[in-house]
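Me: I've got a model to go through with you. Can you keep it quick?

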Amino acid sequence: MATPEEMLQTMINNMPEKTGKSLNDWHVVLKDSGLVKHGELVKLLKGDYGVTHGFANTISQFFLKPELLNKKAESGDDADTKLLNGKDGIAEIFKKAKSQFEAINGEVEFAYKNTYISMRTPKKQFALLQPSTKTRVDIGLNLKGIAPEGSVEAAGSWNGMVTHRVKLTTIEQVDAGLAEWLQKAYDANT
């Protein structure tokens, strides 16, 4: 289970994808509005911009009390850069694989950890994306009861949170077949 701090960081990391703007961009919008009350700010974000209540509340809280951010909010790109530190040779593979997770038919939460990204359905983790070495990106899938085949192998002792593993060493491996496996894992965990 993620800590409240990790959940907040995940929300901030996902904000550009889910709301169309980063936390800083939203703060510019709120400053320009001239509004100063929490309820007014939430109403503006929800009514005029279609932001969901959870994001509107978070954006408004940090606009009114920026000191609540005990550490600088990172964008997903900043977090990706940290994960890929010293692994420039696999950056293209990692980014293409991440884009396949972004294209899944369903709501995917990207929860950044120290060494990987946990991919979650609204209910639970269904996959992870990890730049494992300078030459390989690993994808873990939670697919209990489904036999591995082709490039999808049993995870074994690699990571106890997933049942299947895909080792990516070339950009060509990030293909439509992989996208099907990602969608299958998502669907099995909703």
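Me: What kind of model is it, and how are things counted?
Reply: This is a predicted model: local features need pLDDT of at least 70, side-chain atom pairs count only at pLDDT 80 or more, and totals for chains, interfaces and linings use all residues. Residues are numbered from 1 along each chain as its sequence is written, and side-chain values use heavy atoms, with hydrogens and water left out.

Me: How many helices and strands does the chain have?
Reply: Seven helices and six strands. From the N terminus the order is α-α-α-α-α-α-β-β-β-β-β-β-α. The C-alpha trace spans about 55 × 35 × 30 Å along its principal axes.

Me: What share of the chain is buried?
Reply: Buried residues are 41% of the 190. Buried means under 20% relative accessible area, exposed over 50%, partly exposed in between (1.4 Å probe, protein chains only).

Me: And what share of the contacts is between residues 24 or more positions apart?
Reply: Such residues account for 53% of the contacts with a separation of 6 or more. Contact means heavy atoms within 4.5 Å.

Me: On to the strands. How do E1 and E2 run?
Reply: Antiparallel. Four bridges join E1 (residues 109–112) to E2 (residues 117–120). They form a hairpin with four residues between them.

Me: What is the bridge partner of Ala-111 in E2?
Reply: Ser-118. Ala-111 is also among the residues that Thr-10 touches, along with Glu-109, Phe-110 and Tyr-112, not counting residues up to four places away in sequence.

Me: Where is Thr-10, then?
Reply: In helix H1 (residues 4–19). Thr-10 counts as buried, at 5% relative accessibility.

Me: Back to the strands. How many bridges between E2 and E3?
Reply: Four, in the antiparallel sense. Arg-120 stands opposite Gln-125 in E3. This is a hairpin too, with four residues between E2 and E3.

Me: And E3 to E4?
Reply: Five bridges, again antiparallel. Ala-127 stands opposite Leu-141 in E4. The hairpin goes through five residues.

Me: How many residues of E3 are buried?
Reply: Seven of its seven, so E3 is mostly covered.

Me: Aromatics next. How many pairs?
Reply: Three. Rings of Phe, Tyr and Trp (its six-membered ring) pair if their centres lie within 6.5 Å; planes under 30 degrees apart count as stacked, over 60 as edge-to-face and the rest as tilted.

Me: Give me Trp-26 and Tyr-49. What geometry?
Reply: Edge-to-face, 5.3 Å centre to centre, with 80° between the planes. Trp-26 is in helix H2 (residues 23–33) and Tyr-49 in helix H3 (residues 38–49), so the pair ties together parts 23 residues apart in sequence.

Me: Are those two buried or exposed?
Reply: Trp-26 is buried, at 1% relative accessible area. Tyr-49 is partly exposed, at 40%.

Me: And Phe-126 with Tyr-186?
Reply: Edge-to-face as well: 5.3 Å centre to centre, 90° between the planes. Phe-126 sits in E3 (residues 125–131) and Tyr-186 in helix H7 (residues 176–188), 60 residues apart. Phe-126 is buried at 0% relative accessible area, and Tyr-186 is buried at 6%. Ring pairs link Phe-101, Phe-126 and Tyr-186 into a cluster.

Me: Which lysines sit over rings?
Reply: Lys-98 has its charged end over the ring of Phe-110, 5.7 Å from the centre. Lys-184 has its own over Trp-181, at 4.1 Å. The cut-off: NZ of Lys or CZ of Arg within 6 Å of the ring centre and within 35 degrees of the ring normal.

Me: How does the span of H7 check out?
Reply: It agrees. The 13 residues of H7 should span 18 Å at 1.5 Å a residue, and the end C-alpha atoms are 18 Å apart. The expected span is 1.5 Å times one less than the number of residues.

Me: Which H7 residues are buried, and what covers them?
Reply: Leu-178, Trp-181, Leu-182, Gln-183, Ala-185 and Tyr-186 are buried. The cover includes helix H6 (91–102), E3 and strand E4 (137–141).

Me: What caps H7?
Reply: Asp-175, at the N-terminal end: a side-chain oxygen lies 3.2 Å from the backbone nitrogen of Gly-177. A polar contact is a pair of N or O atoms within 3.5 Å; within protein, one must be able to donate a hydrogen and the other to accept it, and residues adjacent in sequence count only if both atoms are side-chain atoms.

Me: Last one: what does the side chain of Gln-100 reach?
Reply: A polar atom of that side chain lies 2.9 Å from the backbone oxygen of Asp-175. Gln-100 is in H6 and buried at 13% relative accessibility.

Technical notes: Helix = DSSP H or I, 4+ residues; strand = E, 2+ residues; numbered from the N terminus. Pairing = 2+ DSSP bridges.
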